[in-house]
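Hi,

Here is the structure I promised to pass on.

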There are 4 protein chains.
Amino acid sequence: MAGISDSQVNETGRVEAFSDGVFAIAITLLILEVHVPKGLEGRGLTDALLTEWPSYAAFLISFFTIGIMWINHHRLFTLIGRVDTWLLVLNMLLLLGVTIVPFPTAFVADYLGHPGERLAAILYAANGLNIALSFWGLWVYTASSRRRPRLLKIPPESAEVKAINAQYRFGPLFYVAAVGIAFLNAGLCMAYCGALALFFALPPRRPRGAE
Amino acid sequence: MAGISDSQVNETGRVEAFSDGVFAIAITLLILEVHVPKGLEGRGLTDALLTEWPSYAAFLISFFTIGIMWINHHRLFTLIGRVDTWLLVLNMLLLLGVTIVPFPTAFVADYLGHPGERLAAILYAANGLNIALSFWGLWVYTASSRRRPRLLKIPPESAEVKAINAQYRFGPLFYVAAVGIAFLNAGLCMAYCGALALFFALPPRRPRGAE
Amino acid sequence: MAGISDSQVNETGRVEAFSDGVFAIAITLLILEVHVPKGLEGRGLTDALLTEWPSYAAFLISFFTIGIMWINHHRLFTLIGRVDTWLLVLNMLLLLGVTIVPFPTAFVADYLGHPGERLAAILYAANGLNIALSFWGLWVYTASSRRRPRLLKIPPESAEVKAINAQYRFGPLFYVAAVGIAFLNAGLCMAYCGALALFFALPPRRPRGAE
Amino acid sequence: MAGISDSQVNETGRVEAFSDGVFAIAITLLILEVHVPKGLEGRGLTDALLTEWPSYAAFLISFFTIGIMWINHHRLFTLIGRVDTWLLVLNMLLLLGVTIVPFPTAFVADYLGHPGERLAAILYAANGLNIALSFWGLWVYTASSRRRPRLLKIPPESAEVKAINAQYRFGPLFYVAAVGIAFLNAGLCMAYCGALALFFALPPRRPRGAE
């Protein structure tokens, strides 16, 4: 970026716009994997709908996972004043994980309740781990960058930075646990992934709840 | 969001951008469910096109429903000056309903005029109810929030707020009626849902038409 | 919109963002209708690719049609300072035509060179007419609106407004001709639609080329 | 654009927004070509997943290609202060190449490791060449435009312009080589395309690394 960045006041604007686009598309494409049963009627149609519950569950969990990741992305970028090439690359890795989500979601939708569900849940949790690591990497790089002017708008010693540090440090560990749970029980793993999404919806806790 | 929000003047910008993306994608994906008849010719092709009228009707009703929801979302956010975590979550629930629309639309397109059309229409109307409830929840939360600085840009006693209160209060009731109609007649339910979309295109009526 | 609009300086921002989203998605979805031939090799694969030329032609014509419509939408909105409910509705009608484009495009891709190509071309041209009428309606409404403050940023007597009047007045007529040509020859109609797209890429000609 | 442009301070905004949308959608649609194996279990399912490695490889290479093109587009537009009709048309040609990417990607995913892989890799590399030429054309036009006010924000003799000249001049040559490699070995061509993407992630090198 070399010098370009210095002359741009609102430089994070396009990164946010591109990221918003990717999040919005990934979250909206999820519904394409929920299929309408074909050529049935009456009881058969109702039954076909009901047996598709893993589709609906996987759709909902992925919807809230992506939605809440977006909220977190939004939170982080309210603190970021500048981007550099590495931050763009780390953000691209994060978006890679987000665009992948529809694949393990479709996998879980197809296999939950059937043999193969364990592999589906492992892939699902592994992509969650992938995203958690990207978030953590993006944040650590941004918060610890020594470049001048700094990438963060706020001082690195602020309570806000520490609160995010605390929350994000555990993200990868939580998803390592998700992968472990997937080996035991696919359904439990998906429920746990849904609960993790909700956990990350919480604003980072600061020493004294200043909210 | 804890303190982040206070330092951000244009904080609703990214929420609107993300929401715009979701609305725009959901409305554009609808056409993917309108299929080209394969391998026909002459009269057979024309007939195949004509018998697909439920696809076209469902496409148009959903297009205007999402489009007019977007207009309403746009109207609301011209009044909102700040977001907090709950508002983000409520907005995400609203977007959930919007991204689901292509599913019941495809369902109605496949089943209208066949056995199973009632179930299709019930699902369609139920998702409409879901969206109406989310809109109502988003608005009530925003308008009644006691936080300082307020989420609304305008005073809660203003005629504008009252006009929206009046229009949104009835939204869920109208869609409860839609679900009821779906039990009686699927086609009538869809016509009613189209009419509801047009109703919400009207600007909220204020005591004296100040427009 | 009732009074909301008066307090919003940059009010066209979200309309443009939503429209940009719809244009961008419609133009990008087109490629989904270009299919990879399955399970072939050598000569058979090359032949299968070559016989798909109507897919490529339809893709390219629709790409440039939507792309150049976007350029025109962009031009119009650089002149528009404010939106009202009717302008939003007219814009939604225009976007309806844009989101429909992938359907007649897929139709032409499937049927060009086969019986049924005439019907395909008629539908393609008819949607072009639909869009041209929407553009014309949007422009006439905006340019002739008597509301205060005006929707247009520039005076209605300016050379720029007259130049756009001249170009847009002919849009619907050109597409009526496209529908007529489709009855005679489907391939010619598609070539003509491609040429029309290029015509609208030209900036509106002003009395003295002030560019 | 004739005179419109002069009155618009932030005129590149919508071009960037539309382009961001196209990049974001193209990059997110790629996952739709990665298919979940159907109806398998145990060993058969794992094997089916593993034999799909060309899908994953093609997905990743295209993801980073589009992602890094977006970074470059972003870099260029931080230097561009104004757009004119030709720049819009050249940008549209660039976006054409970007929207096409999912097609050769699906082609490579289907044919890598099978007869026909060479044709797949040739198409893939040819579209890369297409994009590299568009980038080069866009840049040369922008940097050499004699119009007043200039399209570039920075003086054409600046080190930054020269660095981009140097990097972009080689882009088309590198992709000509990719097409040549595709004739020899499809897998090698794809690896080379992945490496090219990474090369373009590097910021343009300036005489003295001012970064």
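**Where chains A and B meet**

In this model, 33 residues of chain A are in contact with 28 residues of chain B, where contact means that C-beta atoms, placed from the backbone, lie within 7 Å. On the chain A side, α1 (12–29), α2 (42–51) and α3 (53–79) each give two or more residues, and α1(A) gives the most, with 9 residues. Helices here are DSSP runs of H or I with at least four residues, numbered from the N terminus. That side of chain A divides into 18 nonpolar, 7 polar and 8 charged residues.

A word on provenance: this is a predicted model, where local features need pLDDT of at least 70, side-chain atom pairs count only at pLDDT 80 or more, and totals for chains, interfaces and linings use all residues. Residues are numbered from 1 along each chain as its sequence is written, while chains are lettered from A and ligands numbered from 1 in the order in which they are written.

**A helix pair in chain C**

The axes (lines fitted to C-alpha atoms over the stretch in contact) of α4 (residues 85–100) and α6 (residues 117–144) of chain C come within 9 Å and cross at roughly 160°. That makes α4(C) roughly antiparallel to α6(C), the term for angles over 145 degrees. Their contact has 11 nonpolar, 7 polar and no charged residues; W86(C) and L90(C) are among those from α4(C), and F135(C) and Y141(C) among those from α6(C).

**A loop proline in chain B**

P149(B) is found in the loop between α6 (117–144) and α7 (159–184) of chain B. P149(B) is exposed, with 10 other C-beta atoms within 10 Å (exposed means 12 or fewer).

Best wishes

Conventions:
Contact = placed C-beta atoms within 7 Å. Nonpolar A, V, L, I, M, F, W, Y, C, P; charged D, E, K, R; others polar. Axes fitted to C-alpha atoms, helices over the stretch in contact; angles between N-to-C directions. Parallel < 35°, antiparallel > 145°, perpendicular 65-115°, else oblique. Buried ≥ 20, exposed ≤ 12 C-beta atoms within 10 Å, placed from the backbone.
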